[in-house]
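Visitor: I'm new to this one. Could you walk me through how to read it?

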Amino acid sequence: MSDATLPDGWEMVVGLEVHCELSTATKLFCGCANRFGGEPNTQVCPVCLGLPGSLPVLNDAAVTFAMRLGRALHCEVRPSVFARKNYFYPDMPKDYQVSQFDQPTNVEGWLELPDGMRCGIERAHIEEDTGKSTHVGGGGRIHEAGYSLVDYNRAGVPLVEIVGKPDLSTSEQARQYVAELRAIILAIDVSDAKMEEGSMRVDANVSVRHPGEELGTRCEIKNLNSLRSLGRAIDYEARRQIDLIDAGDRVIQQTRHWDEADGRTHTLRSKEEADDYRYFAEPDLVPLDPSAEVVAAIDAAMPPLPADRRAALVQTAGVAGPIAAIAVERDLDGLALAAIGAGASADRVMTHIEHNLSDDAARDLDPERFAALVTMETGGELTATQAKQVLAEMVETGGDPSEIAAARGFEAMDTGAIESLVDEAIAADPAAWEKFVGGDDKVAGAFVGYAMKATKGQADGKAFTALLRERRAATGS
Amino acid sequence: MSDPSGTTPPGTAPITRDEVAHVANLARLQLTDTELDQFTGQLAAVLDHARDVEGLDVADVPPTAHPFELVNVTRPDEVRPSVDRDEVMAQAPVAEDGQFRVPPVLGEAP
Amino acid sequence: MTATTTTASAIAAAVRSGSRSAREVLEEHLAAIEAREPELHAFNLVTGDAARASADRVDAAVAAGEDPGPLAGVPVALKDNLCTRGVATTCSSRILEGWLPPYDATVVQRLAGAGAVIVGKTNLDEFAMGSSTENSAFGPSRNPHDTSRVPGGSSGGSAVAVAAGFAPLALGSDTGGSIRQPAALCGVVGVKPTYGAVSRYGLIAFASSLDQIGPFANTVEDAALLLEVIAGHDPMDSTSIPRPAPDLRAGLHRGVEGLRVGVVRELTGDGIAPDVAARVTAAADALSAAGAKVTEASVPAAIYGLSAYYLIAPAEASSNLARYDGVRYGMRVDAPNTPDMNLATRTAGFGDEVKRRIMLGTYALSAGYYDAYYGKAQKVRTLIIRDFAAAYADVDVLLSPTSPTTAFAFGAKSDPLTMYLNDVCTIPSNLSGDPAVSVPYGVGDDGLPVGVQIMAPALGEDTMLRVAAALEATR
């Protein structure tokens, strides 16, 4: 399915690389606090500063979190080896980054988008974060800077890099991928995954091609600080590449920087320096070889993931996919399942959840009582309007729906009462009745209006109208 | 130090001056022309000597990264004291506001 | 020799018992340093005042009836690639000139805990790359037996300190022979422990999978004493063997009756000077006379050790030395932008041998060459390990020369490759990770010391030192 914004005959191919900062107490290789926002260079030690003579020692929680993330993405956990990625940059204390190269911890998984589409995950490996540079002077952009200041508080923070396969074909899918990934990460509690704060960073690899062709040359887009930027940048970049190719040029493989302000991607590198990272196994660390028991324990402790929760609503309660997705997103699927499980109508439960319950309100709502309320409604004891009012009071006071209904005098009117009401309404406006009998359906509204006024809004409008029609039919000549 | 037989296998040819220049650049070392010539000769001699391993059949031999095979060495996720910032910053060639100051960086990190 | 030739064991015993004061012992050694240091240049820095304060603390502990530690009052010299908090640590390089580490190496902490008195930081070949100290940015050290000769390297300064009586003990580091070869050239005992037996935390790295810290001493017993103090698991070093420090002195003097000694065939012959070879033969004969079974042994892949080493070590070094970029510590040469600043700083700060090895290592790891060089060298390493293991199936220890020649003259080995050949006997055990010791055993034709090397399987320091002690006893 090609993206609506692309011209005919073109499709885009997107693969996302997501770096996720793990929420461990300490850094990956040392005991410095892993905490955002400290005074510069106060959460550092010889190890994360890469001082001469320092050595790394692996944080066991980081390993567990990484494996948990891998399993949540259906990856295979493998024996792994750390490797040095060598390059010079001032925010890198050792001028090499300890990462994983040809033997990463997690491989070959997948992630399911809410609509059921699966995107492959190539690998999810462990690596250390760099320090942070602030550019001072000039325009604040790197190439205009007077100088830079470097803070190493972030250096050594544990990251998992999740490399997705190029299975995505629209910017919307890319946004869903990131949203779903984030939901998974939050569910398993390994990171707070905030794009705005940098604890989740997304780079997009974008290429274009005519359907059926080989993969085109891709560009990597960086500096995406929100889902919105992600979508905009991908659409811009795909267009840019298509325009290039249409003009007879080739797409050059390069890294491009998204500029939110002007809505374009730009190249930053002034030199065409080929990156030869000279990867080799990190001699200061030893291999990881998690036992089957360890992985089994991680699997056993895995909380329900978003896809599982959606599936539960769909399969056990027959809720439609998109509605289930929204409920899970709002963290209200538990309430829904419990209420439906207690016998309430799935349809009415989901409608109330969608329209009549805020996230906060739903949090303390007792599912059994909610179910009872819905059953009262579907059983005819309460009108929709009444049910909504009872629900609102339940949320506020936590009370029992029957009691609340009784206190408000919400006894459902029995058929006899409705019949009397119909008689009254007809008697009150015979002219309208004649018109109605004559076929003017619009006039029914006037009778309903009378009924509502007479009962202060407690009449069941549907039942009243049904009886009204019955009466007309019975009059029938 | 060229191979007299003229059949130097790919990847084990003697190192050239251009390669030395490239490698020096990768390692952030600047060489004068004289040094470039001298180092090229010296490195070629060392690599030439290392060609004695060429004839060895090591196809089925696994590499050794560590002489003593340890696995799964980790530490608990517990905070330990960080180092005193003043002591560290006192060693900085140029510091400003508790941070390390460097000249313009030229481009983003890879 | 001077009056400072009392052993570390004797000094410690005397200080612990109160019969000598640590301060008195120290002053004696400082006087020896003052007398001959200008000529020999063993030290980059003599830490006299701090040493006096340490010695006083030891004496106070003794007076208070507290246990002052197994090395109480013993002066110890530290190779200047060991981090000492607040004390200049330079690796004999301009790029680290003036750097004060904010932490102590684990071995330094252990020495302090044992009551040792650090007298200074010793000279080395820059970043431990060399076999003579001629690569030091601060001038070479001189062999006390003949000052026109090199002391060996890279731990030349530490070897000199012990040989000249400046301290009964010193620490060095050994990556391709940097403890054993200078020990041999200076006529002292030098031990390279099993890889992982001694923590590398705080040792400024040269080649991570090869580096080990080890002792210099005048006697095997003293070396064992020092090794006991510094060895043992360290949680700060992931490659540290998870075992406590071994007891190395208990069985030290048990003799060699029934032990099997193999003379390594590949390390005798052409590359070895005849007078050195003769001393190895004499050592073999002496061990045989003392009850050992001496045979010939073979480690065929050992001849490839040099090649593998000169690919692996520079490769790791090229990465380990990348951090010296002028940003966080050490020398900085300014430039308009950071890449050029890195370039100018490293070019000015590193000496030629360091540059050579960085480039060699960068090349060996670079795209397209990894398999042919670094990758292949790691496999050769496996072959060497296998051949050692096969040899140790038939013998308990191996015997060989330590260095192919006695101490050579300054400037004699200016060609890098010629210099590298000094390490042909010592390199194999760095690659295998097994322990090895050099024991002084007589002199060469020129009257200069010859060292004989004993090697043992991993964690076999006790057997190895036992044989070393037996050999020492036959001198």
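Visitor: What pLDDT does chain C average?

Guide: pLDDT is the predictor's confidence in each residue, from 0 to 100. Where it is low, the predicted coordinates should not be read in detail. Chain C averages 96, and 99% of its residues score at least 70. For the complex, the predictor gives an ipTM of 0.96 and a pTM of 0.90.

Visitor: Which residues of helix 6 of chain A are buried?

Guide: Two ideas first. Helices (H or I, at least four residues) and strands (E, at least two) are DSSP runs, numbered from the N terminus. A residue is buried if 20 or more other C-beta atoms lie within 10 Å of its own, exposed if 12 or fewer, and partly exposed in between, with C-beta atoms placed from the backbone. In helix 6 (residues 321-329) of chain A, the buried ones are A:Ala324, A:Ala325, A:Ala327 and A:Val328. They sit on the same side of helix 6 of chain A because they cover an arc of only 165° around the axis (the arc is that of the directions from the helix axis to the C-beta atoms).

Visitor: Why would residues line up like that?

Guide: An α-helix has 3.6 residues a turn, so residues three or four places apart point the same way.

Visitor: What do the buried residues of helix 6 of chain A pack against?

Guide: Helix 5 (306-317), helix 7 (333-341) and helix 8 (346-356) of chain A. Contact here asks for C-beta atoms, placed from the backbone, within 7 Å. Just after helix 6 of chain A, look for A:Asp331, with a positive phi of about 65°.

Visitor: How many residues of chain B are in contact with chain C?

Guide: 47 residues of chain B, meeting 58 residues of chain C. Helix 2 of chain B gives the most to that side, with 6 residues. By class, the chain B side has 33 nonpolar, 8 polar and 6 charged residues. Ala, Val, Leu, Ile, Met, Phe, Trp, Tyr, Cys and Pro count as nonpolar, Asp, Glu, Lys and Arg as charged, and the others, Gly among them, as polar.

Visitor: And what is the order of elements in chain B?

Guide: From the N terminus on, α-α-β-α-β-β, which comes to 3 helices and 3 strands. Buried residues make up 28% of the 110 residues in chain B.

Visitor: What share of chain C counts as buried?

Guide: 69% of its 475 residues. Chain C has 15 helices and 11 strands. One buried example is C:Leu343, with 22 other C-beta atoms within 10 Å. C:Leu343 lies in helix 10 (residues 338-349) of chain C and, not counting residues up to four places away in sequence, touches B:Arg28 and B:Gln30.

Key
Residues are numbered from 1 along each chain as its sequence is written. Chains are lettered from A and ligands numbered from 1 in the order in which they are written. This is a predicted model: local features need pLDDT of at least 70, side-chain atom pairs count only at pLDDT 80 or more; totals for chains, interfaces and linings use all residues. Two residues are in contact if their C-beta atoms, placed from the backbone, lie within 7 Å.
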